[in-house]
Amino acid sequence: MSAARIAFVELHAWAWVGILLARLAVGSAFFLSGRGKLFVNARREQMRQTLREAHIPFPKLNAVFVSAVEFVFGLLLVAGVATPLACVMLGGLMIVAIATTAVRTIKAVSPLDWLSEFLYLPEVLYLVIVVWLFFSGPGWFSVDHSILSKIAPLCIKA
């Protein structure tokens, strides 16, 4: 076996580290953001104002809903619990955020500049990561993996 092939196989065996770091970073970002919006009055009011400006109906109710989704599903993502559901919920928030507020901040003159600024939006990056986690799974260092490995050991991909 060639050295390149051996290196590739060895690197692949460590893919769980990237999955874990992505889960911890993105899950923590959502968890902490939701926590701030739920428990800090100024942050909650800022969220309501953002929703009002984006013409989202029921801004008071939706501010609490969005904050709670970020808080709960961010925490679940950190722990690797119900990872596919957490990814769907957080991905849905990011799609709405991109469509209603983030895209409006782009001030590009050419299509390539627009695409560059679009891909640089944190919401887009978070969306890409949760989509990747949805398809890759939570990795072996997760509650999902430990539960599923006991239930259906042949169905688990490490």
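1. The cover over the buried residues of α5 includes α2, α4, α6 (111–120), α7 and α8 (143–151), where buried means under 20% relative accessible area, exposed over 50% and partly exposed in between, with a 1.4 Å probe and protein chains only. The buried residues of α5 themselves are Thr-83, Ala-86, Cys-87, Leu-90, Gly-91, Leu-93, Met-94, Ala-97, Ile-98, Thr-100 and Ala-102.

2. This is a predicted model, in which local features need pLDDT of at least 70 and side-chain atom pairs count only at pLDDT 80 or more, while totals for chains, interfaces and linings use all residues. Residues are numbered from 1 along each chain as its sequence is written, and side-chain values use heavy atoms, with hydrogens and water left out.

3. As to the overall fold, the protein chain has eight helices and zero strands; helices (H or I, at least four residues) and strands (E, at least two) are DSSP runs, numbered from the N terminus. The C-alpha atoms fill a box of roughly 60 × 40 × 20 Å along the principal axes, and buried residues make up 34% of the 158 residues. Of the contacts (heavy atoms within 4.5 Å) with a separation of 6 or more, 65% are between residues 24 or more positions apart.

4. The axes of α5 and helix α7 (residues 122–136) come within 9 Å and cross at roughly 155°, these axes being lines fitted to C-alpha atoms, for helices over the stretch in contact, with angles running from 0 to 180 degrees between N-to-C directions. That makes α5 roughly antiparallel to α7, given that angles under 35 degrees count as roughly parallel, over 145 as roughly antiparallel, 65 to 115 as roughly perpendicular and the rest as oblique. By class, the contact of α5 with α7 has 15 nonpolar, two polar and one charged residues; Ala, Val, Leu, Ile, Met, Phe, Trp, Tyr, Cys and Pro count as nonpolar, Asp, Glu, Lys and Arg as charged, and the others, Gly among them, as polar.

5. Helix α3 (residues 41–53) packs on helix α4 (residues 59–79) at an angle of about 120°, with the axes 9 Å apart, and is therefore oblique to α4. In this pair Met-47, Arg-48, Leu-51 and Arg-52 of α3 meet Pro-59, Lys-60, Asn-62, Ala-63, Val-66 and Ser-67 of α4, and the residues of the contact divide into five nonpolar, two polar and three charged.

6. Helix α2 (residues 15–39) also packs on α4, their axes coming within 7 Å and crossing at roughly 150°. The residues of the contact of α2 with α4 divide into 13 nonpolar, six polar and four charged.

7. Thr-100 lies in helix α5 (residues 83–102) and is buried, with a relative accessible area of 17%. Its side chain reaches the backbone oxygen of Val-96 at 2.7 Å, and, leaving aside neighbours within four places in sequence, Thr-100 is in contact with Ala-54 and Ile-56.

8. Ala-108, found in the loop between α5 and α6, counts as partly exposed at 27% relative accessibility. Not counting residues up to four places away in sequence, Ala-108 touches Asp-113, Trp-114 and Glu-117; Ala-108 and Phe-118, 10 residues apart in sequence, are 9.5 Å apart in space, C-alpha to C-alpha.

Methods:
Polar contact = N/O pair within 3.5 Å; in protein donor to acceptor, adjacent residues only side chain to side chain.
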